[in-house]
Amino acid sequence: MGFGSPAPEVPAPACGEEIAAWVGLSRLPGVGPRTVAGWVARAGSARAVWQHLPSFVQKRADAAEILAAWGEVDPSAVLAGARSLGLTVLAACEPGFPALLRAIPDPPPVLYVRGRLDEAPSVAVVGARRATPYGLAAAERLAFDLAQEGITIVSGLARGIDSAAHKAALDGGGRTVAVLGCGADVIYPPEHRRLAEAVAAQGALVSEFPPGTPPLPGHFPRRNRIISGIALGVVVVEGAQDSGALMTVDYALDQGREVFAVPGSIFSPRSRAPHSLLRQGARLVEGAGDILTELGLGSRARSTPGEGEMVTAGESCAVPAPSGGAEGKARLLTLLEGGPQRLDDLAEQASLSASAVGALVTMLELQGLVRTLPGQMVMRNPTGRGRGG
Amino acid sequence: MLAAVLSATIVGLEALPVSVEVDVGPGLPTFAIVGLPDPAVQEARERVRSAIRNSHYEVPPRRTIVNLAPGDRRKEGPALDLPIALAVLIATGQLAQHAVTGHLAVGELGLDGSVRTVPGVLAVAQAAQALHARGLLVPEANALEAAAGEEVPVYAIPTLRAAVQHLQGTHPIQTTEGAVLDPPPEDAAPDDLAEVRGQGAARRALEIAGAGGHNLLLIGPPGVGKTMLARRLPTILPRLSGAEAVEVTKIYSVAGLLPAWQGLITRRPFRAPHHAASAPAIVGGGSSARPGEITLAHHGVLFLDELPEFRHDVLEGLRQPMEDGIVVVARAAGTVRFPARFSLIAAMNPCPCGYRGDGRRDCTCTPGRLQHYLARLSGPLLDRIDLHVEVPRPPTDELLSGNPGEPSSAVRERVTVARMRATTRAAACQAVGLPLRGPQRWGPVSAEALAFMRAAADRLVLAARATERVLRVARTIADLEGAEAVAVHHLAEALRYRVLDRWAPPAP
């Protein structure tokens, strides 16, 4: 893995002044992360830049604005404010700042963190917000299996693939990091509030934007570079031709990260993004093992997905397996191996009445072996067990 | 000279006997009606005078006073034309009082003396029966209806002149025969469940709804046959009993919706009001306290398509009648009670754009919009809907070449048997003094089933009320199967019909 960027050396234990300087630099209007990184590289420390800021900006057209902000920003107040919201402030100079992220060309000067970041290897799983059941299942399966191997799953807390990946990682008992396009104290989309709490408890919510920043459209492309920046590789599950996931991939390539793609149906417009990546040489992913092998991780890596790892009926589930119907259940599970099926079709193929098939599917659902999707479609649970059970 | 003829006016669903008194005396030629007549009754003046003249009788130019007793109740509609005309003829000596006494007459008069149909004749027949009337004179087109319910002799009156000649005995009219069979023969149903291809789960839910009297919510994209399914619920419900048929006919008659020449209504009604309907139109009421859609659906099915589009006050207004089977409509002159025991079927799209889970098109709804859409459903109303089931879009080939489903008659048999089981169980409960509400009603539940239910409620985060609904539905499923105790597979199936609980689980 080569990171060809002018990274600052691994920092000496940062003193408060240095941290304050990073915070101050992150709040200057019109000064992006790349500029800050450049200045700090030149001056040797953020403190030096902060103290001699006029000399850095004098040639800029917006020098007056920047210097006005320079006079107003009180880094210690920003720090105190964030801490009062329960956020940890990580400056790029601090040892806790993700090393991989520090090495990208435009690292965020400061990260606001809810929860805890650690140095465990991580993989980003990104994709379409409006995903198909297949895509969601694929994201869940990969995130679940990777999480069980001790890999941290990074994503963007968006609807669709992102949230499926976060949830499956949590279900797999692993860690997961959500990189936000708004303040770390603001949750977007709002229906993910509970998910966000769970992520903060079992990983971290991360943002480069100060607390209270609203989720503006322009923020999301920027945060994508952090998603790929934290991770060793990026897995794209589904996406249309112009998907935001492709933007994350562009960052990943700039940053020298591995890019993986999960193939989809040739009939689905959501397969365009992963398929075009595959055509350009992205690694094809059928299971977590493909990712682990490529990244040289995980001794217990599995090479083929799925087979034989399904929890059998009655095992490891909170609901007592009712007597009877075992044969019917086994038959339904076999019928579902080829993919989701309509309930009516299941009944017909299994020669069961609508009432019997309904009862059996509910029992399987409660055992976490299958799921009912909108439209009375039944599918096997991709992670082999129920969610949040 | 003074004359009196019995008639009746409709109040709510019942006929209130009215004594029509006429006094013709010396004075300036006037014709006045007193005794709280509404405008339609006031206009009887003109119709009655013309009808008498055109029937070749006379209206002497004298002071004529018509009094409608009791004087403190409002009289509505033109049904009093015929009795007023008869009383005028008596008072002017053209007809003998004794020939009319004991008869009850209703009918609107045309200027030519013809007798036209009026609403509520079946209710009038019941009132005549209660008064032990000698005979009941009704418009020809209402005669079958009047004869359907009661034993009072019914005479079909084509014209005023025919009424007079019948009463005088010069040209007697035959009584109209009608007999109430129990259950009445049913005219051929145009809809049959056999026409619904595929949709196994929805058909099954319909059968359970019929067997247990459960309310049902169908959720599916536009054009998949939700309305078609709902329309067929009446065809699988047990047939109307004679008494029920009389009740239904009476309601339609009062509402003026009974076709002329129609006897008893023998099919369960199906009402599908539009979602823009007002609360009085649905629940009943308005200035003249007319029965609303829920009363017209009495002993039948009320279908609310596009449930979330209905006005909030309309849906709220359904709660009390659904609980009591009766709606109480308050009006200025007191309250009127209408029966309203109906099966509710509601339908809705799975999301605002309608394509959630459709497979053929992508749903464009954000989770926020979906939540907002579901939140429009009135919680207390949903609490009274035991079954929610998805009606997915069937593949095209299933519509074209799928096997015809089971006919309504076969399903109706099972439904009828299941209902009898429930009735027997309820009677047994009553016999040993157990309350009809609460778990006793569900009969025995196996220990295994109870453990399963507890675990399932935990896992699916079901509210206590939803759990009770599941138990009730499971009981019906067991009844359909002929099982004594509720077992695990009954509960498992019942859990399938709680789609909305899964989409929007209650906050813990």
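Which residue is the bridge partner of B:Leu216 in β17(B)? In this predicted model, the partner is B:Ile345. Residues are numbered from 1 along each chain as its sequence is written, while chains are lettered from A, and ligands numbered from 1, in the order in which they are written. Local features need pLDDT of at least 70 and side-chain atom pairs count only at pLDDT 80 or more, whereas totals for chains, interfaces and linings use all residues.

The bridge between B:Leu216 and B:Ile345 belongs to the pairing of strand β10 (residues 216-219) with strand β17 (residues 343-348) of chain B, which runs in the parallel sense over four bridges. Helices (H or I, at least four residues) and strands (E, at least two) are DSSP runs numbered from the N terminus, and two strands pair if DSSP finds at least two bridges between them. Both strands lie in an open, parallel-paired sheet of five strands in chain B, with the order β11-β14-β17-β10-β18. Its edge strands, β11 (270-271) and β18 (387-390) of chain B, each pair on one side only.

The largest nonpolar core has 171 residues, of which B:Ala85, B:Leu86, B:Leu136, B:Leu218 and B:Leu491 touch the most other members. Such a core is a set of buried Ala, Val, Leu, Ile, Met, Phe, Trp, Tyr and Cys residues joined through C-beta atoms within 7 Å. A residue is buried if 20 or more other C-beta atoms lie within 10 Å of its own, exposed if 12 or fewer, and partly exposed in between, with C-beta atoms placed from the backbone. Helix α3 (residues 81-91) of chain B gives the largest share of this core, nine residues. Apart from this core lies another, of 100 residues, including A:Tyr112, A:Val235, A:Ala252 and A:Ile291. Leaving aside residues up to four places away in sequence, B:Leu218 touches B:Ile345 and B:Val389, among others; residues are in contact if their C-beta atoms, placed from the backbone, lie within 7 Å.

Chain A comprises 17 helices and twelve strands, and 52% of its 389 residues are buried. Of the contacts in chain A between residues at least 6 apart in sequence, 71% join residues at least 24 apart. An open sheet of three strands in chain A has antiparallel pairing and the order β10-β12-β11. β10 (341-342) and β11 (370-373) of chain A each have a single partner strand, so one side of each is left without a neighbour in the sheet. β11(A) pairs with β12 (residues 377-380) of chain A over four bridges in the antiparallel sense, and A:Arg371 stands opposite A:Met379 in β12(A). Helix α17 (residues 354-366) of chain A packs on the sheet, touching β11 and β12 of chain A, and its direction makes about 115 degrees with that of β11(A). Axes are lines fitted to C-alpha atoms, for helices over the stretch in contact, and angles run from 0 to 180 degrees between N-to-C directions.

Between the chains, 27 residues of chain A are in contact with 28 residues of chain B. On the side of chain A that touches chain B, α16 (343-349) and α17 of chain A each supply at least two residues, and α17(A) gives the largest share, seven residues. By class, this side has 15 nonpolar, seven polar and five charged residues. Ala, Val, Leu, Ile, Met, Phe, Trp, Tyr, Cys and Pro count as nonpolar, Asp, Glu, Lys and Arg as charged, and the others, Gly among them, as polar.

Technical notes. Contact = placed C-beta atoms within 7 Å.
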